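Please open the structure in your viewer and keep the selection panel at hand. The stops below go from a single side chain to the whole chain.

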Amino acid sequence: MGIIFQILVVCFLLLVSCSANKSVPAFFTFGDSLVDVGNNNYLQTLAKANYFPFGIDFGNKPTGRFTNGRTTFDILQQELGFAQFTPPYLAPTTVGDVLLQGVNYASSASGILNSTGSNFGDRINFDTQISNHGRTESATAMSEEAYLDFLISRLKLALTTLYNLNARKIIVANAGPCGCIPFEKDIHPLPKGSCVRLINRLAHTFNDKLKGMLAELNKDLQGAKFIYVDIYRMLLDLTQNYVSYGFENATSACCSFAGSRGGVVPCNPLSKICPDRSKYIFWDPFHLTDAANVIAVRHMMDGGLNYMSPMNFRQLVQS
């Protein structure tokens, strides 16, 4: 169970109102490698992306982002009109007026449980990410069901803490179809076109509980707007209908070193890079390409209730 849930991803986006003059005055990000922009560069950990070919489409400069270009939230910030990407919390330059636009607290290999990712070395666990935001704010052996309930209870406590730190508009992405990533497909013998059902079933059950929990928070916390982002449905639709989105490969990693789908070994300087990254959904065994992240952001910005509940990001900003 520990191995399974280390790859179930929940990413967090927090919008904190600092001024009535801008609809989105600040952008704070919490999560793992899907949205880490370099915090792990400053940690003793194996979970780093500060070397080539990471960042090959980000000015040909690896920054700590686990993709060839921008993360989902990088693109989202650009859509919202931010002039610069929010910096990693641990960067020595993330001080003073820089904090006013927002901060990225995300750390690769972290999770809702503090023990998640310990096999990689240091990481900023979710509790510490919340504590770090508190500092920024002040400056400016269970069964499957019980385990999922425990994760939801910890997440609910963390989200409530964010609310108590004056967060009112919060987007929470659910767990994606992790059974469909190149890593899982390579380590499990699967028929062509299939995904690891157990992992996807666990993700689906977690997501049902997450959606219900967010509905409770919207009801119980005055003025709060918790938005449920159905990343699971977005990515499942993307991988199943990839041709209609302009992609040519929905199963293999663009940055490939070993495995029939390039999922056995993480992306590294010796990996082979696909000739056209815009045609691949997966950048490496675990993460999406810049092109796939763009599709996800489109759904976040303007998607219907099948992807964004109770409203999409554009509607949230205008509310």
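Leaving aside its neighbours within four places in sequence, with which residues is phenylalanine 226 in contact? Select Phe226 and then Leu159, Ile170, Leu214, Leu217, Asn218, Leu221, Ser309 and Pro310, which are its contacts, contact meaning heavy atoms within 4.5 Å.

Before going further, note that this is a predicted model, in which local features need pLDDT of at least 70 and side-chain atom pairs count only at pLDDT 80 or more, while totals for chains, interfaces and linings use all residues. Residues are numbered from 1 along each chain as its sequence is written, and side-chain values use heavy atoms, with hydrogens and water left out.

Next, select Leu159, Phe206, Leu210, Met213, Leu214 and Phe226, the residues with the most contacts inside the largest nonpolar core, which has 34 residues. Such a core is a set of buried Ala, Val, Leu, Ile, Met, Phe, Trp, Tyr and Cys residues joined through side-chain atoms within 4.5 Å, where buried means under 20% relative accessible area with a 1.4 Å probe, counting protein chains only. Colour β2 (27-30), α3 (126-139), α4 (144-164), β3 (169-173), α6 (197-220) and β4 (225-229), each of which supplies at least two residues of this core; helices (H or I, at least four residues) and strands (E, at least two) are DSSP runs numbered from the N terminus. The largest share, nine residues, comes from α4.

Apart from this core lies another, of 33 residues, including Val35, Ile227, Phe247 and Leu316.

Finally, show the whole chain, which has nine helices and nine strands, and of whose 319 residues 54% count as buried.

Methods
Buried means under 20% relative accessible area, exposed over 50%, partly exposed in between (1.4 Å probe, protein chains only).
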